[in-house]
Structures are given as C-alpha cells and as structure tokens.
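Let's go through how a few labels get attached to this model. Each one is checked against its cut-off.

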Protein chains: 2
Amino acid sequence: MVAVASADGDLLAENLSLIARDVDSLLDSLMPVPDDKHARLIEAMRYAAIGGGKRLRPLLLVATAEMYGVHREAAMRAACAIESIHVYSLIHDDLPSMDDDDLRHGRPTVHKAYDEATAVLAGDSLHAMAFHILSDPQTSGDPFVRAELVHTLAGASGAHGMAGGQMIDMIAESEEFDLRTVTRLQQLKTGALLAASVEMGAILGRVPPEGRAHLRAYARDIGLAFQIADDLLDHEGDEAKAGKALRKDAGQGKQTFVSLLGIERAREQAKILVEQAVGHLASHGAEADLLRAVARYIVERDH
Amino acid sequence: MVAVASADGDLLAENLSLIARDVDSLLDSLMPVPDDKHARLIEAMRYAAIGGGKRLRPLLLVATAEMYGVHREAAMRAACAIESIHVYSLIHDDLPSMDDDDLRHGRPTVHKAYDEATAVLAGDSLHAMAFHILSDPQTSGDPFVRAELVHTLAGASGAHGMAGGQMIDMIAESEEFDLRTVTRLQQLKTGALLAASVEMGAILGRVPPEGRAHLRAYARDIGLAFQIADDLLDHEGDEAKAGKALRKDAGQGKQTFVSLLGIERAREQAKILVEQAVGHLASHGAEADLLRAVARYIVERDH
C-alpha cells in the first residue's frame, strides 16, 4: 500500500480516505442499535462517532503499526478505541458547562441534537467502549499487548493526560498563562492522545518500550505542531471548512500560541517542529513515509 | 480474618470498617495532588472518592477473591478500581442535567463544591483511572488477569451496563414503566456493577468462566435485592442517615419497585431474593460466610 503512491500528497490522501472508511465501517459494526430502551444512547454514540473527523489518531496508530509489520486490519480495533476516546472527549468538551459549543464537524453537537444528559452518557459510554474493545481477545491474541494498550490509553485520557489538559484549559479563561504553561496545557490536552496513538501502534508492533524513544519524540513534536496549527486555524481559518465555531479563544481572553508568539513566529515554530519530528524518523526507510506525510499534513491542513 | 467473627453481624461490621479504611488509604496513595495547574482536578477526584460510601463493591470483590485464596492486599487495587467507577457514576448522575442532586454522603455534590466542568472532568478522570489501575502489573502479575478485569469492568460500566441503565432511568421520568422494564433498568444501572465486583473477585481467584455461574446468580439476586431495598429506603428512609435527598422518584412520577409492588410485597421480594442469593452459595463452606453476610446486610441496612 505504501509503495504505490508517487508523492507525499497522494500517499496521505489515499490513506486518509482509507482510514475514514475503515473506522466508520468498524465503529458501525461495534455499535449495533439494540431493541431496548437504551437504544437512544447508542444512537447518540453513533451520531457522534460515525461519519465525521479526520481520523488522525487512527491513522497515526495504523501507520505506526504497519511500520513494524502489523497488518492494518489487525490494528483497526485499537484504532477505533483511540478514536472513541477522542470522540468522547469532544462530546464532553462541547457541553454547556465546558466549552459550550453548538457545532461540531458542521453538525449540531450531541447535547444540541439530543440533550445534555444523553451527551454526558454517550461520552461516558464511548469512554468505556474504548477499554472494552482493547481488552477483547479480538484486538490481540496476546493478553500482554491488550493490557499494555489499555494502560497506555487510560494514562493518556485521564487526569494526567487529556482530562487534566482540559481542566487547565478551563482555568485559562480566568488566568494569564505564559508560553510554558500553554505548552504544558497542550501537551496534556492534545499531545497525550496523539502520543498514545503512536505508542499503541508500537505496542501492537511488539516494539519494546526502550525502542520507542524516537517515536515518542516524533509524537511530542507533531503534537505541539498540531496545536500551533490549530491555533492558527482558529485565528485565520474558515468556519465552514472547520465545521465549528472559531475565534473563541480570543473572545474568552485565553492565551494561545498565536497570541503569545504572533502569527509569523507561530507558523515558523510549527514548521520547525515538523522538520524535527521527521528527523526523529531518520533511522527508518520508506516504511516511515506515511508518518512523515502525516507530520507535514498536520501543519498544512486547512481544517 | 473470617474465622474470628462469632456472628454474621460482627463479621460484617469488622469487614465494612476494614474495607473502608483500606480503600481510603489506597485511593489516597493512588491520587497524590500534583504541583501543577490541574491540581484542582485531582482535589475534586479525592473529594468525591475518599472518605465516603459503604464500599460495598470493594467488599464484594475482596470477599469473593478471598474465597478463592487471594490475599486481601492483592485484591485491593482491583477493589479501588471498581469503587472509582462507582464514584465516577455518582458524580455524573448528580449533575444538574442528570438527577440534579446537591447532596451526597451528607456533603455537597462535586458540582456544588467545585463547579460543573470540574465535576464532569473529575468523573471522566476517575473513569480512566479505574482502567489504568487494573491494567497495571501491580494489580496482577498475569496480563491475562489484567485484561480480563478490564474487559469485565468496561462491559459493566458502558452503554450495555451502568450508563445504559442511567439512560433508561432518564427516560423513566417521561414514560410509564412496568415491572419488567424497571427490573431491566436496575439490572443495568445497579446490578451490572455489583455483578462485576463478584466476577472480578473470581477472576483474581483464577476461577474459570464456567465455574462462575453460581456467583453470577448470587450477584444477580443481591443486585435486585439491593435496588428494592434502595427503593424502600427512598420511600421511608431517613435523609440524615442517607446523606442525600430522598423521595425524589415519586415526585418525578418514576415507577419503582415500591410503587409497582407496594411496600409489603417489595419487602417480601427483597427477602426472597436474599435467601435465593445465599442458596447459590450452598456449595461453599465457611469461606463464603462474608458473602452471605453481605447479602443479608443489603436488605437490612438503614442507609
């Protein structure tokens, strides 16, 4: 699959559309609507999880696993687990008591399309589903791999990962943050899950922890580059393309990479981080081309 | 530990106070407050999780594990994981968009003591923490046991367990439920996690799935008995002892076991279920005395 593409762009476009199709198809089969009173809950989970998003985390996971010889079908369940965590976090972040957003991927957010209680529960259920998927023998025949996948994802999603980052982000509305604190916030809020995507791919590929240092460095750099690019898109992007409200941070007085660095320096910094990320893959040959392409896409995307 | 108690009541009282002490102590060490901006999140998690509750689920887990020769210290991490899930569900259930409760264990609920965003995130973080604990090699040296613990708990907490039950409970305010639907609701909302407590104890005790049928039957019966007792306490209990608002179901027009069966028949039914539960333990000797005592306590408690 990697060999046929002639250029970065083709390789990436092909893989983005492939992963979107496969994630949708597997999530569809993982969430059949039951003939029971709680059907509404599964419908809300499906509404949020199927048919939207760039599927960047599944792509990172599958691309890393493939680098180590894991067939993409064998990595898809873990990829859907990490996407479930991402989707759950979006549902909860969009809640009125959190970021209070009405629009996500160009459609009403879950609490708008359903109601707030259903949104809380749909997020909770996707959260649990991720660990149910990972701990299932179908995800890996090796229980050590299953347990390590769970441990990595639970660490990235909890108080010292994504949820901790969102907590700091809530505080950001009332406090003046410096560059160091914004970096820390984003490493937790966005970086932890992006890093987990790569780490979980390596776990499936049986890469021992000591062999993952360069992948962690790659993930850390693209994580920060991703957030700087997000801040730039929030500042100068197109709401129709983004499918969500933009320029909210400035209105709330939140410090971002753009407000702290300015547009030019932020853009420059993102580019440096991407080149740095690609540099961490120097020990790999063509098998890492997709990860290289993802790194470049992260700052070049328009939504 | 089991042999010294002279009667059901002593055995239970001793174990309830022991488990409360040990759960508090381990949760305390599992949640150190970091010197970081997200300290508030961990403080909220600690506020909700430490120093309250009967610790019935940890007790069930530890009592079952001990029946199969697992030392209680070795079962305490899994016990804290299931309690974390229980506490997370209480935090989210208490939210204004859900049951809108101001009081829990006699203290302000998390969204009252902190704020709603912090309550959502503290619940989410305890949810993730449970799986982080279970998948850690410190919980069991056997990765198969770790993965099976995760799988069981994730199944019990998700859309087809506790969260699904809460979804049906939200619908109950606007629909007229019959006994069958109320039973189904409670099997999901309360029963799934109580059953997981027993199941996880058996997993730690290396009981193969086919050897757990009688434990599942025990758990199913005490789960229903527990909920009937809860409905009775909601109807005629003491708010000060309960530490939470009572008699809300009737005000919201929700059907309960008491509204559907009447007080006398509900009380009778709970007693029958407890005797049935104890009957499922007939193949065990004195090593099951604590599980027998828990079954009786479930309907005799006053809060």
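Q: What makes Lys37(A) and Glu175(B) a salt bridge?

A: This is a predicted model, where local features need pLDDT of at least 70, side-chain atom pairs count only at pLDDT 80 or more, and totals for chains, interfaces and linings use all residues. Side-chain values use heavy atoms, with hydrogens and water left out. A salt bridge is a side-chain nitrogen of Lys or Arg within 4 Å of a carboxyl oxygen of Asp or Glu. The side chains of Lys37(A) and Glu175(B) sit at 2.7 Å, N to O, so the pair qualifies. Between chain A and chain B the count is four salt bridges.

Q: Which elements of chain A give two or more residues to the side that touches chain B?

A: They are α2 (39–49), α4 (72–93), α6 (116–134), α7 (143–157), α8 (162–171) and α9 (179–204) of chain A. Helices here are DSSP runs (H or I, at least four residues), numbered from the N terminus. α6(A) gives the most, with eleven residues.

Q: How many residues are in contact between chain A and chain B?

A: Taking contact as heavy atoms within 4.5 Å, 50 residues of chain A touch 50 residues of chain B. The area buried between the chains is about 4,100 Å², and carbon and sulfur atoms give 71% of that. Buried area is the accessible area (1.4 Å probe) that two parts lose on being put together, summed over both. In chain A, Lys37(A), His151(A) and Met167(A) lose the most area to chain B, together 16% of what that side buries.

Q: Why are the two copies said to be related as by a two-fold rotation axis?

A: Chain A can be laid on chain B by a turn of 180 degrees and a shift of 0.0 Å along the axis, with an RMSD of 0.0 Å. The copies are thus related as by a two-fold rotation axis. The superposition is least squares on C-alpha atoms of residues with pLDDT of at least 70 in both. The same surface serves both copies, as 100% of the contact residues of chain A recur in chain B.

Q: Why is the pair Tyr47(A) and Tyr114(A) called edge-to-face?

A: Rings of Phe, Tyr and Trp (its six-membered ring) pair if their centres lie within 6.5 Å; planes under 30 degrees apart count as stacked, over 60 as edge-to-face and the rest as tilted. The ring centres of Tyr47(A) and Tyr114(A) are 5.7 Å apart with planes at 70 degrees, so the pair is edge-to-face.

Note on methods
Residues numbered from 1 in each chain as written. Chains lettered and ligands numbered in written order.
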